[in-house]
Amino acid sequence: MEEVEPLAKVKKPRTEKQIEAFKKAQAKRDENRAITKENTKKALEEKVIQKAISIKKSQVRKLQVLDQISDDETPIEEIKKIQRAMTPPPIRQTIQAVQKPIPSKPQFYFL
């Protein structure tokens, strides 16, 4: 059998006005895309600037707290001596004190 190819629909050619309208729509679309791209760039820059400002503010607050603490000029050796004096000696427990007595089973008597 012979294979018959289906007839392809022939598209109607566009008129000159349709072509001009399509080109006009493409130009407007490209213009809108450029505007949208620019607006998103600006919004991102503003957001980055806001975040940078808030980070800087938090750094300033932390530095202010650190500046309020006075610097101590005491040598470390003296601090270590004071620390050793403050810590109590280790408590040595005997083996009997560590072992706990085994609890006996409770006994119930009913009359």
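Biologist: Which residues make the nonpolar surface patch of about 310 Å²?

Modeller: L63, L66 and I69 make it, where patches are built from residues with over 30% relative accessible area and no salt bridge, nonpolar side chains (Val, Leu, Ile, Met, Phe, Trp, Tyr) being joined within 5 Å and like charges within 9 Å. Accessible areas come from the Shrake-Rupley method with a 1.4 Å probe, and for residues only the protein chains shown count as cover.

Biologist: Is L66 buried or exposed?

Modeller: L66 has a relative accessible area of 53% and is exposed, because exposed means over 50%, buried under 20% and partly exposed in between, with a 1.4 Å probe and protein chains only. L66 lies in helix α1, which covers residues 16–68.

Biologist: What kind of model is this, and how are the residues numbered?

Modeller: This is a predicted model, in which local features need pLDDT of at least 70 and side-chain atom pairs count only at pLDDT 80 or more, while totals for chains, interfaces and linings use all residues. Residues are numbered from 1 along each chain as its sequence is written, and side-chain values use heavy atoms, with hydrogens and water left out.

Biologist: How many helices and strands does the protein chain have?

Modeller: The protein chain has 3 helices and 0 strands, taken as DSSP runs numbered from the N terminus, with helices (H or I) of at least four residues and strands (E) of at least two. Buried residues make up 0% of its 111 residues.

Biologist: Switching topic, how many salt bridges are there?

Modeller: The structure holds 2, each being a side-chain nitrogen of Lys or Arg within 4 Å of a carboxyl oxygen of Asp or Glu. In one of them K42 pairs with E38, with the closest N and O atoms 3.5 Å apart, and both residues lie in helix α1, 4 residues apart, about one turn of the helix.

Biologist: And which residue does D30 meet?

Modeller: D30 meets R29 in a salt bridge at 3.7 Å, N to O. D30 counts as partly exposed at 41% relative accessibility, and R29 counts as partly exposed at 40%.

Biologist: Where is confidence lowest?

Modeller: In the protein chain, confidence is lowest in helix α3 (residues 95–98), at a mean pLDDT of 57, and highest in α1, at 95, pLDDT being the predictor's confidence in each residue, from 0 to 100. Where pLDDT is low, the predicted coordinates should not be read in detail.
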